[in-house]
Amino acid sequence: MEKFVKHTGLVAPLDRANVDTDQIIPKQFLKSIKRTGFGPNLFDEWRYLDEGQPGQDNDVRPKNPDFVLNKPEYQGASVLLTRRNFGCGSSREHAPWALMDFGFKAIIAPSYADIFYNNCFKNGLLPIVLPDATVENLFKAEAASDDFRLTIDLENQQVLTAEGEALPFEIDGFRKHCLLNGLDEIGLSLQQADAIRDYESRRQAAEPWVFQEPQPQ
Amino acid sequence: MAGKTLYDKLWDAHLVAEREDGSALIYIDRQIIHEVTSPQAFEGLRLAGRQPWRAGASVATIDHNVPTTPFNSAADIEDETSRLQVTTLQDNTREFGITEYGIGDVRQGIVHVMAPEQGAVLPGMTVVCGDSHTSTNGALACLAHGIGTSEVEHVLATQTLVASKMKNMLVRVDGDLGPGVTAKDVVLHIIGIIGTAGGTGHAIEFAGSAIRSLSLEGRMTVCNMSIEAGARAGMVAVDDTTIDYVRDRPAAPKGADWDKAEAYWRTLVSDDDARFDTVVEIDAADIKPQVSWGTSPEMVVPVDALLPDPDAEQDEVKRSGMKRAYEYMGLKPGSKVSDIRVDRVFIGSCTNSRIEDLRAAAAVIKGRKKADSVKQVLVVPGSGVVKQQAEKEGLDKIFLEAGFEWRQPGCSMCLAMNPDRLQPGEHCASTSNRNFEGRQGNGGRTHLVSPAMAAAAAVAGHFVDIRDLDA
């Protein structure tokens with residue numbers, strides 16, 4: 001996983017609550033067996049005027065000029081500013097894959113759906129939670145600026161505005177550690193292989209039925 | 001010290017190690033695998049040169065992508081990308097020694113229908129799957145929730161998950177459910193009250209006499225939509241209904257093991273003095289048959305209500321969401337639910353494709369026919385086993401005589417990854433779980449309802465109050 005330490009980037013505002021994973025990456029693009037290549041179809045139904053299908057040349061498709069990511073001033077955006085309950089819906093990790101593949105490094109919202117929030121950390125995408133009122137202020141500040149950039153300092157858990165205002169955020173210690181160091185979570189968990197084996201032998205003695213294998217073909 | 005909730009007990013029983021920062025490693029008893037969210041996980045194992053920690057803990061099947069018209073082999077799947085996912089799962093399960101119920105196996109079906117049916121999910125287990133509706137399995141007093149693909153790989157490699165303990169939420173529904181009110185109406189009513197983020201960060205335990213009165217299948221319908229209430233996991237405590245459901249399942253324990261298991265399972269209830277962080281109490285008598293009108297599962301009304309006025313909504317973010325939903329759905333505030341005409345009807349999905357759902361739909365339409373204005377009614381059983389049982393009972397004939405289509409098991413039009421989908425602007429009475437924009441096909445308009453309400457709409461051509469129909 002890529003490390004996340006500090007990032008400064010252009011902010012794109014997506015002024016909607018409850019943005020669901022079907023909107024982030026529609027189901028027809030879930031048929032890929034890869035982790036990459038989802039960026040051109042991020043928010044496909046909002047971004048394009050036609051119905052998207054896998055394997056299309058997205059460059060020639062008609063774009064919705066009103067959608068934020070299609071506007072010239074937001075080209076190159078890497079911080080997504082949005083509203084509450086972002087990422088609700090399915091568990092598809094294709095959602096953070098698509099956001100990252102597009103170029104987003106961080107998201108700022110008042111809240112996220114649990115599974116989406118969790119999935120972001122597995123991929124080096126930082127979902128930042130800020131209070132409703134702070135998010136509202138950021139939307140206003142963004143609207144008043146031509147080139148609204150924010151700096152995200154994970155080490156110190158702060159979002160910094162260009163004026164030098166510091167907005168603190170909370171993050172789970174283990175997730176922060178993994179992001180800062182780009183750690184492989186599986187490798188870390190396997191360091192506790194003995195504890196897993198001990199646990200299994202205790203359970204196997206007490207509840208052998210749990211270890212019954214599914215009946216084969 | 002306060003007693004433990006059911007979730008506390010399940011959490012404690014699966015704790016492998018606690019870390020200094022408060023996160024924990026929890027043991028996963030069962031992983032269910034399907035074709036859409038697993039290819040990248042197997043690829044990850046391969047790249048790292050890792051093997052599954054315990055291949056026998058996993059069971060796989062195909063559901064999201066499969067056509068619901070008859071097919072005999074992967075080569076019959078027309079869509080190339082769908083076919084590739086199906087064959088990739090075959091290859092991966094063979095390579096890593098994981099059991100798959102694949103094409104032609106009567107056990108093949110929707111992950112959350114197949115697994116409990118086979119006894120692959122038992123009370124007290126931790127159950128994960130790369131699918132958010134894994135919460136369905138919590139009806140068996142399991143800690144069951146959806147995970148992302150990186151976690152699918154993590155569970156394959158370590159049989160554990162890095163987790164933080166969730167908060168406890170109790171949703172208690174007491175009293176008797178009225179006639180025509182089903183498990184689906186109960187859960188839609190709950191979501192209408194607490195909202196789609198109401199359960200975020202919580203594990204929900206559904207309790208109370210109305211929940212107890214539901215069959216195990218009905219409890220699965222309720223737990224299934226925990227995620228639409230924002231909670232990754234939903235669960236119901238063990239009682240006689242649970243035990244009776246599990247007994248004699250293919251992978252259930254037998255003999256002395258059964259007695260020992262049952263004695264343990266009976267302890268899987270919240271203690272009387274358990275403390276919940278959030279408690280929601282609902283009177284069963286307040287619940288009417290529900291219909292969703294908008295593009296979020298919380299945008300739901302009783303069938304006899306008028307569609308809500310966005311201008312009466314105090315919260316600005318919600319108000320703009322409602323306005324956008326009206327525009328997308330082509331509906332007007334203040335209109336009657338029964339004025340909404342339906343173009344297609346879908347009876348199926350991990351929410352409502354079990355045998356009792358099909359029985360409920362068949363009971364409504366017996367001797368009736370689908371309205372001419374309704375273009376298509378799909379009935380998609382949740383598994384080959386459900387399909388077989390329905391055919392044994394003659395339900396397939398009732399559906400076919402009514403002009404409905406009787407299909408092969410799979411996820412089908414719930415998420416339109418296979419050829420079953422809505423056309424732009426079409427309204428669908430659907431027994432599935434999500435009414436998001438485009439969920440059932442680009443531009444499609446979904447209304448979430450119970451199987452009986454869906455069947456009644458198919459006959460009338462518009463929504464009707466199931467309570468007004470002659471028995």
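Are Glu207(A) and Arg203(A) buried or exposed? In this predicted model, Glu207(A) turns out to be buried, and Arg203(A) is buried too. The two are also partners: a salt bridge joins Glu207(A) to Arg203(A), with 2.9 Å between the closest N and O atoms. Side chains of opposite charge can pair when their charged atoms come close. Over all chains, the count of salt bridges comes to 46.

Asp271(B) and Lys9(B) form a salt bridge whose closest N and O atoms lie 2.9 Å apart. The partners come from distant parts of the chain, 262 residues apart: Lys9(B) belongs to helix H1 (residues 6–13), while Asp271(B) sits in the loop between helix H10 (255–265) and strand S12 (278–283). As for accessibility, Asp271(B) counts as partly exposed because its relative accessibility is 28%. Lys9(B), at 18%, falls under the 20% cut-off and so counts as buried.

Another salt bridge in chain B pairs Glu228(B) with Arg434(B), at 2.7 Å from N to O. Glu228(B) and Arg434(B) are both buried.

Back in chain A, salt bridges with shared partners tie Asp15(A), Arg83(A), Glu136(A) and Lys140(A) into one network.

Notes
Residues are numbered from 1 along each chain as its sequence is written. Chains are lettered from A and ligands numbered from 1 in the order in which they are written. This is a predicted model: local features need pLDDT of at least 70, side-chain atom pairs count only at pLDDT 80 or more; totals for chains, interfaces and linings use all residues. Side-chain values use heavy atoms; hydrogens and water are left out. A salt bridge is a side-chain nitrogen of Lys or Arg within 4 Å of a carboxyl oxygen of Asp or Glu. Buried means under 20% relative accessible area, exposed over 50%, partly exposed in between (1.4 Å probe, protein chains only). Helices (H or I, at least four residues) and strands (E, at least two) are DSSP runs, numbered from the N terminus.
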